Number of protein chains: 2
Amino acid sequence: MSDHEPTLNDIARLCGVSAMTVSRVLNDRPGVGQDTRERVLEAIRTAGYVPNLGARGLARSRTQVLGMVVPDLSTQYIAEIVRGAGEAAARHEYDLVLYTSTHGARAFERINALTRGVTDGLLIVLPPASQEFPAFLQRTGQRCVVIDHRGEARDVPAVTADNYSGAREAVDHLVSLGHRRIGFITGRMDTHASLERLRGYREGLLVHGLGVDETLVCGGDFLQPGGFQAARALLELPVAPTAIFASNDVMAFGAMEAVKDAGLRVPVDVSVIGFDDIPMASQVHPSLTTVRQPLYEMGAAAANLLITLLAGIAPSVNRLELGTQVVVRRSTAPPRQPVDLP
Amino acid sequence: MSDHEPTLNDIARLCGVSAMTVSRVLNDRPGVGQDTRERVLEAIRTAGYVPNLGARGLARSRTQVLGMVVPDLSTQYIAEIVRGAGEAAARHEYDLVLYTSTHGARAFERINALTRGVTDGLLIVLPPASQEFPAFLQRTGQRCVVIDHRGEARDVPAVTADNYSGAREAVDHLVSLGHRRIGFITGRMDTHASLERLRGYREGLLVHGLGVDETLVCGGDFLQPGGFQAARALLELPVAPTAIFASNDVMAFGAMEAVKDAGLRVPVDVSVIGFDDIPMASQVHPSLTTVRQPLYEMGAAAANLLITLLAGIAPSVNRLELGTQVVVRRSTAPPRQPVDLP
DNA sequence: CTGAAAGCGCTTACAG
DNA sequence: CTGAAAGCGCTTACAG
């Protein structure tokens, strides 16, 4: 046996047939006699032949591969989206490969250079911030769908959760329990989701006739230590809130720790609510009440939208905003004693 | 402008030069006049040309891409390894792409089919269990390095942490604090790492003249709820342990919650120690004492080893076992009162 | 400094 | 049912 990996031509030679015949067998296409087919299959097996995807993609002008660009792998948030996208892709005979994104001005060029010719289109989670994004898309003709966009132009296909309504519902939940003084921890304010959640928080309070006390709004960064710090600051306020709404679950975990660290209990002394509903939200103690973002469904919807685009079909809508839902668990409860507002 | 993405030949035509010249410019190779080079560069820019990686890989018979197969994205454990491998790859002009692995009997075939021709080699984290693995490697000639192997044949290149010594050190730490009754929560026992950690725990106790009480060994699965359950079982023992050693950090988090849930405190009433030192270990409260597994370095070492193999160089060793280290934080302390052993 | 030819490993479109 | 030819978009190896 030669040193190099066997190619389709090697198999053809081995069987005394043409490359076309091997190709037909490989792709389960008709036009091959039963006996020939079996002979070829056998040769493929014994030689350990595996088609070269680069060559196949080149010949077909399509790879049947979707690229997914993710900013960060260190949270379950991404994992759920990937699961959804991967399973949706598989249902349409596509495979999914992941690229971790770099940042900076040239991020998009790099993504493009890395994926051109080896993917048919891209799913971009939380795209690197860049004003050039729409221009980039037009220029490169790169097919892509954004998940959790940053507020890019409306002609960029995108899938998000309804962050505004989700935040409104979180406030509704806390108010219905009797809370009147609700602290808020923001996400990174360079994301559209953070802005929408803050807006939902503010308008939620107003709708219930509660004023917005800006000292109750604390800056966060979507990370656990940030949530801890912000919650601690909130708890040290002259009049501390009876409930804390964190812009994501990971910060809510930090907030719960800050509450315990201050010698208080969740939810007896302070209620905590998060946003996302990552798997761990149901695993911590007390389990976390949170706004469920349909991450799996978002990944699946984005993959389906991209596949539609790749098929050359103009989708009826290219911006999907999936509904959220408050998942009530053990970290929220009525306040210890009703708070009087000035 | 035509409908399809511009190709190298389009650029050549646009500039009135041969494809070779464009290729030289693209690859920063000499043999092109300064003025010609600039003209080509300009055409590339305005046309938004990006090379087709599939075609390039085919022509070069190498892709300069490393594939990494990961079992699961939902833990920070993987994220650190990916970071290390990605940065090491970049230092050698390789890019890294990720594939999420499926399981089952044909897992390796699928990986092979998915990556052949679009990657030069594979980094496989915690390979799908399969007896065929070594055979698979030989048959396909696939270049690969395993990270955190399952005990495959010794001729499979692999990188792991020294799990046995790490567990020994964890026991040393607890014993030096005065603990005599130490509970242990295992990982999934189909992994080599779990077996080694359990062995280290047992032998660590023996070395200190402490007997191994098998009722103190509780089965776990590397997941947080599993850690919680196991710890609860340990705490309900007639004579509960004063310290709990969990086979990974995530289970240690669950164990800490079980301790608090039982109305006890960490570390005053029960010490908890983990394994891995994922980023979150330093972020929880109390921060987690744990055995640091050099995940970033493991990823980097695996990438470097693979790149060496790809260069056709026989490495001096193809099995690396990286050192671990106990990182002492706030979750361990001397036991409340010395425990008498029978 | 520049280019024509051949080839990487497949598939499409056409013959027979 | 089967195959010879051409091409996908690049690069290598050779000329000039």
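1. A polar contact is a pair of N or O atoms within 3.5 Å; within protein, one of the two must be able to donate a hydrogen and the other to accept it, and residues adjacent in sequence count only if both atoms are side-chain atoms. Here is an example to find in the structure: the side chains of B:Thr242 and B:His179 are joined by a polar contact of 2.6 Å. B:Thr242 sits in the loop between helix H10 (224–235) and strand E8 (243–246) of chain B. Helices (H or I, at least four residues) and strands (E, at least two) are DSSP runs, numbered from the N terminus.

2. A word on what you are looking at. This is a predicted model, in which local features need pLDDT of at least 70 and side-chain atom pairs count only at pLDDT 80 or more, while totals for chains, interfaces and linings use all residues. Residues are numbered from 1 along each chain as its sequence is written, chains are lettered from A and ligands numbered from 1 in the order in which they are written, and side-chain values use heavy atoms, with hydrogens and water left out.

3. Is B:Thr242 buried or exposed? B:Thr242 counts as buried, because its relative accessibility is 11% and buried means under 20% relative accessible area (exposed is over 50%, partly exposed in between; 1.4 Å probe, protein chains only).

4. Now turn to DNA strand C. A residue is near a strand if one of its heavy atoms lies within 4 Å of it. There are 26 residues around DNA strand C, and A:Leu8, A:Ser23, A:Tyr49, B:Arg24 and B:Gly33 come nearest. Of the atoms of DNA strand C that come within 4 Å of the protein, 63% are accounted for by sugar and phosphate.

5. A polar backbone atom of B:Ala59 is 3.3 Å from a base oxygen of DNA strand C. The elements giving two or more residues to this surface are helix H2 (19–26) and helix H4 (53–60) of chain A, together with helix H2 (19–26) and helix H4 (53–60) of chain B. Which element gives the most to the surface near DNA strand C? H4(A) does, with five residues.

6. DNA strand D has 26 residues around it, and A:Arg24, A:Gly33, B:Leu8, B:Ser23 and B:Tyr49 come nearest. Sugar or phosphate supplies 64% of the atoms of DNA strand D within 4 Å of the protein, and bases supply the rest. A polar side-chain atom of A:Thr21 lies 2.8 Å from a phosphate oxygen of DNA strand D, while B:Asn27 places a polar side-chain atom 3.0 Å from a phosphate oxygen of DNA strand D.

7. How do the two chains meet? In all, 40 residues of chain B are in contact (heavy atoms within 4.5 Å) with 40 residues of chain A. The area buried between them is about 3700 Å², with carbon and sulfur atoms giving 61%. In chain B, B:Leu73, B:Arg116 and B:His285 lose the most area to chain A, together 15% of what that side buries. Buried area here is the accessible area (1.4 Å probe) that two parts lose on being put together, summed over both.

8. Helix H11 (residues 249–261) of chain B contains B:Met251, which is buried, with a relative accessible area of 0%. Among the residues that B:Met251 touches are B:Ile185, B:Phe222 and B:Leu223. H11(B) as a whole is mostly covered, with eleven of its 13 residues buried. What covers those buried residues includes strand E6 (182–185), H10, E8, strand E9 (271–276) and strand E10 (289–292) of chain B. After H11(B) comes B:Gly263, whose phi is positive, near 80 degrees.

9. Finally, look at helix H12 (residues 295–310) of chain A. At 1.5 Å a residue, its 16 residues should span 22 Å, and its end C-alpha atoms are 23 Å apart, which agrees; the expected span is 1.5 Å times one less than the number of residues. In H12(A), 13 of the 16 residues are buried. Just after H12(A), A:Gly312 takes a positive phi of about 80 degrees.

Key: Lists of a residue's contacts leave out its neighbours within four places in sequence.
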